[in-house]
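Here is a short briefing to read alongside your protein. Please take a moment with the sequence and the fold before going on.

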Amino acid sequence: MLIALIARDKPGALEIRTENREKHLAYLKETGVVSQAGPLLGDDGNMCGSLVILDVEDMAAAEAWAENDPYAKAGLFDNVELIPWKKVI
């Protein structure tokens, strides 16, 4: 099951993001369920959120993955959406 995780950072949280980026990137690689991922960018070109496509068994697995993301544990996100997604292209 493909799930799109769309997360928006808390305002003024770029420092939290940069301080936890290496742990977050390691988590993406070591969990083995990330199909695609990258930061959302603001008008100023700075990272302000995340888009992660998860390939997981079910929504519960996506929720567990999201809760254990180092960014989430650091309190980076203002909100997180998990949305079933279908790849077309």
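Predicted model: local features only at pLDDT ≥ 70, side-chain atom pairs only at ≥ 80, totals over all residues.

Residues are numbered from 1 along each chain as its sequence is written, and side-chain values use heavy atoms, with hydrogens and water left out. Helices (H or I, at least four residues) and strands (E, at least two) are DSSP runs, numbered from the N terminus.

**How the strands pair**

- Strands count as paired if DSSP finds at least two bridges between them.
- E1 and E3 run antiparallel and are joined by 7 bridges.
- E1 also pairs with E4 in the antiparallel sense, over 7 bridges.
- Ile 6 shows both pairings: its bridge partner in E3 is Leu 51, and its bridge partner in E4 is Glu 81.
- E2 and E3 are antiparallel too, with 7 bridges between them, and here Ala 37 stands opposite Val 52 of E3.
- The hairpin of E2 and E3 has 5 residues between its strands, and Gly 45 takes a positive phi near 85 degrees there.
- Gly 45 belongs to the loop between E2 and E3, and it is partly exposed at a relative accessible area of 47% (buried means under 20% relative accessible area, exposed over 50%, partly exposed in between, with a 1.4 Å probe and protein chains only).
- From Gly 45 to Asp 78, 33 residues apart along the chain, the C-alpha atoms are separated by 19 Å.

- Helix H2 spans residues 59-68, and its Ala 62, Trp 65 and Ala 66 are buried.
- These three lie on the same side of H2 because they cover an arc of only 95 degrees around the axis; the arc is that of the directions from the helix axis to the C-beta atoms.
- The cover over the buried residues of H2 includes strands E1 (2-9), E2 (34-41), E3 (47-55) and E4 (77-84), along with helices H1 (14-31) and H3 (70-73); contact means heavy atoms within 4.5 Å.
- At the start of H2, a side-chain oxygen of Asp 58 comes to within 3.3 Å of the backbone nitrogen of Ala 60.
- The largest nonpolar core has 15 residues, and Leu 5, Val 52, Leu 54 and Trp 65 touch the most other members (such a core is a set of buried Ala, Val, Leu, Ile, Met, Phe, Trp, Tyr and Cys residues joined through side-chain atoms within 4.5 Å).
- E1, H1, E3 and H2 are the elements that give two or more residues to this core.
- In soluble globular proteins, nonpolar side chains tend to be buried together.
- Leaving aside neighbours within four places in sequence, Trp 65 is in contact with residues including Leu 5, Tyr 27, Leu 28, Val 52 and Leu 54.

- A search of the whole structure finds 1 salt bridge, defined as a side-chain nitrogen of Lys or Arg within 4 Å of a carboxyl oxygen of Asp or Glu.
- Arg 17 and Asp 9 form this bridge through their side chains, at 2.7 Å from N to O.
- Both Arg 17 and Asp 9 are buried.
- Asp 9 sits in strand E1 and has a relative accessible area of 11%.
- Beyond its neighbours within four places in sequence, Asp 9 contacts Arg 17, Met 47, Cys 48, Gly 49, Leu 76, Phe 77 and Asp 78.

- Asn 20 in helix H1 is buried, with a relative accessible area of 10%.
- Met 1 lies in the segment before E1 and is partly exposed, at 44% relative accessible area.
- Residues up to four places away aside, Met 1 touches several others, among them Leu 54, Asp 55, Met 59 and Pro 84.
- Met 1 and Gly 12 are 11 residues apart in sequence, and their C-alpha atoms are 33 Å apart in space.
- Pro 11, in the loop between E1 and H1, counts as exposed at 75% relative accessibility.
- Pro 11 and Val 80 are 69 residues apart in sequence and 14 Å apart in space, C-alpha to C-alpha.

Technical notes:
Polar contact = N/O pair within 3.5 Å; in protein donor to acceptor, adjacent residues only side chain to side chain.
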